There are 2 protein chains.
Amino acid sequence: MTDAVRRAIATVSLSGTLEEKLLASARAGFDGVELFEPDLLSSQLTHVEVQEYAYDLGLAIMLYQPFRDFEGVSDAALARNVRRAESKFDVMERLGADLILVCSNVSEHAIDDDELAAAQLHQLAERAASRGIRVAYEALAWGRHVRDYERSWAIVAAADHPQLGVCLDSFHILSRGGDPRGIREIPAEKIFFVQLADAPRLVMDVLQWSRHYRCFPGQGGFDLRGFLGQVLDAGYDGPLSLEVFNDVFRQSDPQRTAIDAMRSLLFLEDGLRPARTVEGAALPAPVPLRGYAFVELGVDFESSLAAQRLLAAMGFARVGEHRSKRVELWQQADVRVVLSCTSGVGDVPRVAAIALESVDPAGSLRRATELLAPVVALRHQPEEADIAAISAPDGTAIFFCRTESNDETSWFGDFEAIAGAEADSPANLLQIDHVALSQPLDCFDEAALFYRSVLDLQPRDREELASPDGLVRSRALADSEAHVRFVLNAPALGDGGYGAAAGAQHVAFACDDALLAARVLSERGVRTLRISDNYYDDLAARLDLEPTLLEAMRELGVLYDRSDDGEFLHFYIEMPGARLFFEIVERRGRYDGYGAVNSPIRMAAQRTSPLVGPRAVGH
Amino acid sequence: MTDAVRRAIATVSLSGTLEEKLLASARAGFDGVELFEPDLLSSQLTHVEVQEYAYDLGLAIMLYQPFRDFEGVSDAALARNVRRAESKFDVMERLGADLILVCSNVSEHAIDDDELAAAQLHQLAERAASRGIRVAYEALAWGRHVRDYERSWAIVAAADHPQLGVCLDSFHILSRGGDPRGIREIPAEKIFFVQLADAPRLVMDVLQWSRHYRCFPGQGGFDLRGFLGQVLDAGYDGPLSLEVFNDVFRQSDPQRTAIDAMRSLLFLEDGLRPARTVEGAALPAPVPLRGYAFVELGVDFESSLAAQRLLAAMGFARVGEHRSKRVELWQQADVRVVLSCTSGVGDVPRVAAIALESVDPAGSLRRATELLAPVVALRHQPEEADIAAISAPDGTAIFFCRTESNDETSWFGDFEAIAGAEADSPANLLQIDHVALSQPLDCFDEAALFYRSVLDLQPRDREELASPDGLVRSRALADSEAHVRFVLNAPALGDGGYGAAAGAQHVAFACDDALLAARVLSERGVRTLRISDNYYDDLAARLDLEPTLLEAMRELGVLYDRSDDGEFLHFYIEMPGARLFFEIVERRGRYDGYGAVNSPIRMAAQRTSPLVGPRAVGH
């Protein structure tokens with residue numbers, strides 16, 4: 001990818017030692033880093049070694065940060081601060097860094113006098129100039145007096161020194177509801193640095209919000225495109241740098257986090273085209289998805305027998321056998337389930353792959369790889385289809401397929417049809433509605449951005465659901481026409497010990513009459529999840545429901561939700577083991593949710609179910 | 001314990017199914033529960049079965065909650081709300097519950113009219129009366145119009161119905177900075193219920209604060225004693241109930257949480273004596289502690305050889321062998337280390353026990369057992385001391401000892417002296433300064449309250465420390481004379497996967513010249529933790545230090561901190577394996593901290609140390 005944009009990441013955004021952070025940044029394709037001083041202080045590398053190591057990796061040290069509480073001080077304090085700055089300039093010389101970040105003073109002793117601040121920053125810039133160093137002044141959202149970029153820019157303008165400019169940080173500006181439209185009034189050459197961070201919308205102390213909950217662009221709720229658009233309109237062509245303080249990233253694999261970070265920048269930049277000028281190659285456009293080709297369930301020998309019996313009872317017919325693998329294709333209407341017998345034990349059954357109907361599988365794959373998705377090489381015989389496949393953050397394979405059987409790229413031809421394979425009586429399941437995947441907490445935000453950017457799915461807001469074993473964080477995504485829906489679930493507190501909710505996955509099938517489906521399946525001996533009577537008593541108290549509907553739902557274990565747009569009826573089918581189950585859903589009207597209000601009921605029911613047992617999560 | 005106080009806990013405070021919550025509450029000695037409606041809705045037990053199960057366990061269902069958005073509504077809404085209430089009254093009859101919690105209306109449609117609210121609550125009370133049910137009205141801190149108890153009480157007074165009273169919740173009152181002194185103006189018979197919850201002082205949206213961060217009394221920053229004093233002064237003699245929404249407790253063992261909860265109530269009540277009247281037996285008074293008798297390190301055969309070599313090099317002498325166990329006593333000045341060879345593998349070496357000098361070991365044990373600390377029965381021969389021992393939340397044994405050798409209760413006599421056992425040259429270590437214990441996140445708040453209540457240690461505020469593998473939560477406790485100091489560390493996000501900081505323990509020895517000690521140990525070949533040069537460069541830039549002092553610290557790997565009260569010099573000694581290490585500290589002046597500012601430096605250094613390796617935490 002030829003590209004004129006320079007991209008950087010602050011070392012504080014990644015876990016590990018300084019060496020690990022630099023290596024991860026370089027491998028993810030960053031051009032440089034902001035060196036966060038505590039990472040240097042705790043490093044066993046000397047300053048010169050850091051410079052050399054970064055150079056060897058092709059990384060520039062684009063910013064040294066932070067330098068605190070410099071301006072708006074007494075003369076005595078100024079003398080101390082200048083001495084402190086000189087010693088940092090020494091460090092920067094050895095590092096080969098020529099830009100220092102000065103944050104607006106947060107001390108209670110800071111003097112509220114912009115002229116004084118400007119004069120003192122001018123002095124600092126003069127000192128810096130003699131060392132070939134430039135100073136970027138940033139308004140912290142919680143600065144004592146200087147909290148917005150309008151004021152930091154006014155001070156920089158008044159100081160009027162060529163070595164002094166502003167640093168603009170999206171978090172500090174957007175967290176306080178600032179209007180970024182004033183940015184384009186700043187001369188481009190006075191914007192020395194731009195830091196990008198997103199964040200979920202939280203109502204809390206802005207310092208704590210900043211220190212713990214920042215995330216990469218596209219993972220939170222800020223309008224980063226609007227912000228960056230203003231920056232580019234101002235003519236800024238310096239580095240775009242991610243400065244993200246995040247409790248989860250601090251303990252995640254730095255290499256994964258660095259790639260997640262780079263993906264967020266590529267996606268953000270691409271979202272600005274063609275209206276704004278971002279130099280470099282555009283990403284391949286997202287390819288429309290038309291639904292699910294199939295889901296592939298990985299089963300071991302024992303669970304494969306149970307799965308076959310269950311699929312047959314649910315009205316699926318075994319319609320094909322793979323020509324070269326121990327894989328069976330089961331079908332009902334437009335629902336296809338592939339059973340793949342693995343030799344692995346333990347973590348099965350599970351969703352091994354999700355095959356999506358793409359109008360252009362190769363185009364889907366191109367976009368995915370440009371967005372740094374790992375490609376999975378699937379073994380196949382020469383005459384078999386070469387399926388485009390990538391690996392999602394939690395390891396689930398995502399295939400891009402076309403099912404039309406005459407197409408040479410179709411996977412369908414790899415299966416030998418089983419003659420006369422018709423289910424006696426299909427249960428009216430029409431298509432796959434959604435797939436719910438449990439994520440390690442470390443993958444949760446990464447996965448949401450992955451599906452958003454790679455598959456062009458729109459995320460909903462996060463929710464928190466109470467399970468008997470702890471809170472579950474949940475987020476749904478769907479394409480604009482809702483052909484493809486994902487739900488991501490993760491334990492809200494990581495794996496906290498005794499009762500930590502571990503993840504279960506499920507596949508939801510759509511039908512047009514959930515009560516009928518539940519009745520048919522029940523008659524065929526399919527065991528549906530038993531829902532507490534108390535739930536239906538409460539439903540009756542809360543909502544004005546037809547008594548016959550209520551009684552039918554109670555009898556069959558069907559759950560209910562309602563929105564302004566429609567209704568949702570759904571029930572669950574258990575498989576042995578705690579890792580995978582099925583859901584049958586009926587959407588009435590334009591209901592667009594997932595019945596999250598019922599998830600605690602379902603999770604509690606699974607907790608006491610003899611088949612599933614403790615610790616299954618998600619909606 | 002004979003006792004007139006009735007104690008309750010809300011089921012939402014505990015993890016698990018409703019059955020598990022009830023069982024845990026009963027086993028911890030609670031008299032009743034608040035039944036949180038979602039726990040009932042997801043239970044497979046019928047209402048009558050819940051009543052019977054609670055009855056069998058000796059638990060009363062003291063409150064049914066919550067009922068929302070009832071008052072201050074239009075006539076049409078009132079009719080719906082009354083119907084909804086009647087259906088809840090049906091449920092309560094089957095449960096055998098006669099008190100319902102009505103929370104102040106949070107709907108944006110709520111009408112700001114206290115007369116209307118009073119009239120409608122009167123109607124509700126009238127309906128309730130015919131069923132023998134009473135209504136407790138509570139001001140939520142985020143109620144639409146009614147947010148403080150003064151106003152909820154005014155409405156209840158105006159409604160003037162014998163079946164209507166107020167519920168007072170310490171969180172809702174104290175989180176908004178309310179003054180509890182008005183509570184005693186409320187007639188006792190109109191206070192229908194009292195809910196107690198503590199919380200750390202956070203600056204955030206009060207609803208989120210309430211839903212996620214409440215904790216048991218004594219674990220947070222609220223003045224619960226002051227609050228409860230006002231409640232008792234009003235003449236209230238109803239149940240004291242803990243309603244604690246807490247993300248960690250939601251995923252912790254409910255039995256442990258219930259005991260933690262009961263301990264918090266016993267400690268809170270006891271803190272009110274003798275000034276207030278709390279009926280029932282007082283706890284035995286805390287027994288003064290005089291320091292550490294010894295720390296016992298559990299080692300396997302391999303680590304025992306390394307430990308022996310290290311202790312000898314550090315100037316300890318092997319002064320005794322236990323008469324009946326494979327245990328050695330090493331001593332230097334007033335520092336005693338017991339090496340205990342276990343057959344266990346894996347989780348060693350570790351701190352197996354901490355023996356505290358108590359002026360009355362039996363009294364210490366009595367207080368501990370009244371506070372529900374598990375007693376550890378130590379095997380001993382008839383002629384050996386019967387050491388009083390309890391088990392801390394993380395499993396570490398705490399012994400209460402007297403070391404005076406003529407005392408029959410002394411453990412000292414159990415060791416056979418080794419003749420002529422003198423270290424050639426002690427390294428000037430004087431006493432044990434503190435012990436740092438890593439905790440699973442689930443134990444962190446529990447452990448702080450345990451040491452606070454059982455040992456009468458005063459906790460400091462929590463801190464968060466950045467390690468290369470994630471944030472570490474840390475809290476220090478000490479008795480009023482600082483004879484005994486503990487530091488508790490836990491990963492801030494549970495065990496989050498890839499880089500989760502796992503715990504290391506350490507024992508800190510005090511000396512009066514850390515530079516000398518470091519030099520002596522270094523000459524004897526004791527390997528001290530290598531601290532980055534960059535740390536010292538920064539120290540020089542930050543603080544005005546004697547250059548000779550700075551150079552000596554740099555040469556020897558000694559870290560530095562300074563407060564208004566004094567200075568702190570400290571360094572670290574590694575043992576093979578990541579689980580246990582030593583610290584040597586020198587306190588100058590009245591410095592009372594632990595050098596937490598240096599913990600990130602130390603953790604990063606350990607991360608790259610060949611002996612300790614990745615993932616050691618704490619300060």
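Is Asp69(B) buried or exposed in this structure? In this predicted model, Asp69(B) is buried, because 20 other C-beta atoms lie within 10 Å of its own and 20 or more is the cut-off for that class. Asp69(B) belongs to the loop between β3 and α4 (75–95) of chain B, and its phi angle is near 55°, a positive value in a residue other than glycine.

Next comes a barrel in chain A. Eight strands form a closed barrel with parallel pairing, in the order β1-β2-β3-β4-β5-β6-β7-β8 (chain A), and neighbouring strands of this sheet are turned by 30° against each other on average, when direction is ignored. On one pairing, three bridges join strand β5 (residues 134–138) of chain A to β6(A) in a parallel arrangement, with Ala136(A) standing opposite Gly165(A). On another, β6(A) pairs with strand β7 (residues 191–196) of chain A, also in the parallel sense and over four bridges, and here Cys167(A) has Phe193(A) in β7(A) as its bridge partner.

Helix α4(A) lies across β2 (32–36), β3 (60–67) and β4 (99–103) of chain A, and runs at about 165° to β3(A). Strand β3 of chain A also contains Pro66(A), and the peptide bond that leads from Gln65(A) to Pro66(A) is cis, with omega near -10°. In chain B, the bond from Gln65(B) to Pro66(B) is likewise cis, with omega near -10°, and Pro66(B) is found in strand β3 (residues 60–67) of that chain.

Another helix, α1 (residues 18–27) of chain A, includes Arg27(A), which is partly exposed, with 14 other C-beta atoms within 10 Å. Although Arg27(A) and Ala258(A) are 231 residues apart in sequence, their C-alpha atoms are 8.2 Å apart in space. Once neighbours within four places in sequence are left aside, Arg27(A) is in contact with Gln255(A) and Ala258(A).

A contrasting strand arrangement can be followed in chain B, where the pairing is antiparallel. Strand β23 (residues 559–563) of chain B pairs with β24(B) in the antiparallel sense over five bridges, and β23(B) and β24(B) form a hairpin with two residues between them. Within this pair, Asp561(B) stands opposite Phe568(B). Nine bridges then join β24(B) to strand β25 (residues 580–589) of chain B, which run antiparallel, and the bridge partner of His570(B) in β25(B) is Val585(B). Seven of the nine residues of β24(B) are buried, so this strand is largely enclosed by the rest of the structure.

Finally, how do the two chains fit together? Altogether, 56 residues of chain A are in contact with 56 residues of chain B. Several elements of chain A give two or more residues to its side of this contact, among them α2 (37–41) and β20 (470–478), while the largest share, seven residues, comes from α15(A). By class, the side of chain A that touches chain B has 24 nonpolar, 19 polar and 13 charged residues.

Chain A can be laid on chain B with an RMSD of 0.1 Å by a turn of 180° and a shift of 0.0 Å along the axis, and the two copies are therefore related as by a two-fold rotation axis. Of the residues of chain A, Met204(A) comes closest to this rotation axis, with its C-alpha at 1.8 Å. The same surface serves both copies, as 100% of the contact residues of chain A recur in chain B.

Notes. Residues are numbered from 1 along each chain as its sequence is written. Chains are lettered from A and ligands numbered from 1 in the order in which they are written. This is a predicted model: local features need pLDDT of at least 70, side-chain atom pairs count only at pLDDT 80 or more; totals for chains, interfaces and linings use all residues. Two residues are in contact if their C-beta atoms, placed from the backbone, lie within 7 Å. Ala, Val, Leu, Ile, Met, Phe, Trp, Tyr, Cys and Pro count as nonpolar, Asp, Glu, Lys and Arg as charged, and the others, Gly among them, as polar. Copies are superposed by least squares on the C-alpha atoms of residues with pLDDT of at least 70 in both. Two strands pair if DSSP finds at least two bridges between them. Axes are lines fitted to C-alpha atoms, for helices over the stretch in contact, and angles run from 0 to 180 degrees between N-to-C directions. A residue is buried if 20 or more other C-beta atoms lie within 10 Å of its own, exposed if 12 or fewer, and partly exposed in between; C-beta atoms are placed from the backbone.
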